[in-house]
Amino acid sequence: MAAATSMMPVFGHQISPKNDLVPDWTRQEVSTGTTIMAVEYDGGVVIGADSRTTTGAYIANRVTDKLTPIHDRIFCCRSGSAADTQAIADVVTYQLGFHSIELDEPPLVETAANLFKASCYRYREELMAGILVAGWDRRKAGQVYCVPIGGMLVRQPVAVGGSGSSYIYGFMDSNYKPGMSKEQCLELTSAALTLAMERDGSSGGVVRLASISEDGVERRVILGNQLTKFSTH
Amino acid sequence: MEKHYTDSQVKGVSTGTTILAAIFDGGVVIGSDSRASIGGEYVSSKTINKVIQVHDRIFCCIAGSLADAQAVTKAAKFHLSFHSVQMENPPLVIAAATVLKELCYKNKEELQAGFITAGWDKKKGPQVYVVSLGGMLISQPVTIGGSGSTYIYGYVDAKYKPNMTREECMQFATNALALAMGRDNVSGGVAHLVVITEAGVEHVVVPGNKLPRFHDE
């Protein structure tokens with residue numbers, strides 16, 4: 001019997017917090033510490049995000065796509081816990097698709113936003129998710145809705161989210177003007193994301209952009225070495 | 001939208017604040033907001049001046065615990081005037097910054113205050129130094145500090161250019177302070193700006209209703 005017990009591996013001791021063999025990041029939750037942004041323009045919306053997913057100090061994915069399609073003309077930008085936001089997005093995609101089939105017409109952006117809000121608010125204690133819902137529909141054209149942690153819902157002409165967003169509030173307040181064109185919105189978004197990525201350790205990689213309008217969705221990527229260089233000091 | 005708990009663990013009255021300093025062609029602008037609060041719930045002063053003169057052409061801005069900052073600047077003023085008498089010359093800006101740094105570093109366990117020192121001296125012209133919480137000292141052409149500074153990192157990175165004119169730099173500093181005050185609830189009031197050049201020192205106060213307004217206000 002002594003031989004049998006000694007054959008059982010002692011797992012508990014090997015994976016203790018003080019053990020150097022098991023790196024720190026294996027015990028951290030995967031988070032999209034991130035920077036996301038969405039801007040309305042006349043005729044559609046522009047959305048953007050960085051591409052870094054971290055587990056503690058390790059970058060689990062440096063080319064993440066945080067711009068998730070929910071329907072043909074509706075996208076969401078995800079920030080917070082990667083698992084939570086993926087799960088919520090899957091649920092909402094299903095709900096919205098079903099609703100759209102019942103209605104026999106494309107769903108409204110406001111509907112998608114409300115579905116996000118319903119999940120985020122009901123399970124607010126368990127979830128850590130900050131989401132921007134943006135898209136185009138025939139009734140109200142381009143719309144951006146913000147569903148931050150806690151489950152509030154508010155429509156804004158321009159919204160930012162994620163850990164890197166704090167650093168660009170000033171830039172956004174001073175550079176956003178109502179009535180900008182699609183190109184100007186794309187410039188503003190990529191500049192703002194670049195600035196945030198420079199300052200926030202949890203944001204980085206490439207800048208992913210998408211513009212959504214009646215004509216469809218156009219996606220583009222700006223690689224790290226193609227980003228604007230601001231005067232650094 | 002994650003919260004940044006930069007100043008909320010400070011005991012007593014805190015200058016949850018926004019401070020900045022920037023070098024332009026021929027001088028330096030140093031500025032701050034004017035709000036002092038207790039824990040972000042009560043504004044204990046709407047018009048406090050956080051830009052303290054430590055010598056003729058050297059000013060510093062305080063962030064963190066107001067009591068600590070006042071005690072340190074008082075000690076620094078004394079050291080600096082004594083030093084200046086000994087040297088028979090106006091002190092260098094780096095000397096002022098070093099005095100603050102020594103005090104912050106030696107007493108890092110008890111203190112909770114950070115400083116931006118800016119000024120003009122004959123040896124190196126306009127300079128800006130930042131002494132952070134633990135007592136690190138570095139020199140930068142432009143620097144921001146305080147709880148409100150997180151919101152204007154992007155703006156400052158994008159808008160600051162070396163060798164601006166005096167007017168451009170004043171506008172830049174006023175805009176940056178206004179933007180930070182617009183987003184940070186523990187920064188507000190008026191904008192205090194001090195322009196330091198070889199010729200002298202000018203103190204400009206921009207009251208709340210004259211601050212630049214941005215699209216959503």
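**Ground rules.** I worked from a predicted model, in which local features need pLDDT of at least 70 and side-chain atom pairs count only at pLDDT 80 or more, while totals for chains, interfaces and linings use all residues. Residues are numbered from 1 along each chain as its sequence is written, chains are lettered from A and ligands numbered from 1 in the order in which they are written, and side-chain values use heavy atoms, with hydrogens and water left out.

**Cores.** I looked up the nonpolar cores, meaning sets of buried Ala, Val, Leu, Ile, Met, Phe, Trp, Tyr and Cys residues joined through side-chain atoms within 4.5 Å; buried is under 20% relative accessible area, exposed over 50%, and partly exposed in between, with a 1.4 Å probe and protein chains only. The largest core holds 72 residues, and Met37(A) and Ile30(B) have the most contacts inside it. Its largest share, ten residues, is supplied by helix H4 (residues 166-183) of chain B, where helices (H or I, at least four residues) and strands (E, at least two) are DSSP runs numbered from the N terminus. A second, separate core has 24 residues, among them Val54(B), Leu80(B), Val93(B) and Cys104(B).

**Strand E8 of chain A.** I next asked how many of the residues of strand E8 (residues 129-137) of chain A are buried. Nine of the nine are, so the strand is largely enclosed by the rest of the structure. Ala129(A), Ile131(A), Val133(A), Gly135(A) and Asp137(A) point one way from E8(A), and Gly130(A), Leu132(A), Ala134(A) and Trp136(A) the other way. For its partners I used the rule that two strands pair if DSSP finds at least two bridges between them. Strand E7 (residues 74-81) of chain A runs antiparallel to E8(A) and is joined to it by seven bridges, with Phe75(A) having Ala134(A) as its bridge partner. Strand E9 (residues 141-147) of chain A is also antiparallel to E8(A), through seven bridges; here Trp136(A) stands opposite Gly142(A), and a hairpin of three residues joins E8(A) to E9(A).

**Gln143(A).** This residue of strand E9 of chain A counts as buried, at 1% relative accessibility. A polar atom of the Gln143(A) side chain lies 2.9 Å from the backbone oxygen of Ala141(A). Leaving aside neighbours within four places in sequence, I found Gln143(A) in contact (heavy atoms within 4.5 Å) with residues including Glu40(A), Glu110(A), Asp137(A) and Arg155(A).

**Loops.** Asp104(A) is not a glycine, yet has a positive phi of about 60°; it lies in the loop between helix H3 (82-103) and helix H4 (109-122) of chain A, and is exposed at 69% relative accessible area. In chain B, Glu88(B) has a positive phi near 55°, is placed in the loop between helix H1 (66-87) and helix H2 (93-106), and is exposed at 71%. Lys124(B), in the loop between strand E8 (113-121) and strand E9 (125-131) of chain B, is exposed at 53%.

**Helix H2 of chain B.** H2(B) has 14 residues and reaches 20 Å from its first C-alpha to its last, close to the 20 Å expected, the expected span being 1.5 Å times one less than the number of residues. Its buried residues include Val93(B), Ala96(B), Leu100(B) and Cys104(B). What covers the buried residues of H2(B) includes strand E7 (58-65), H1 and strand E10 (137-139) of chain B.

Conventions
Polar contact = N/O pair within 3.5 Å; in protein donor to acceptor, adjacent residues only side chain to side chain.
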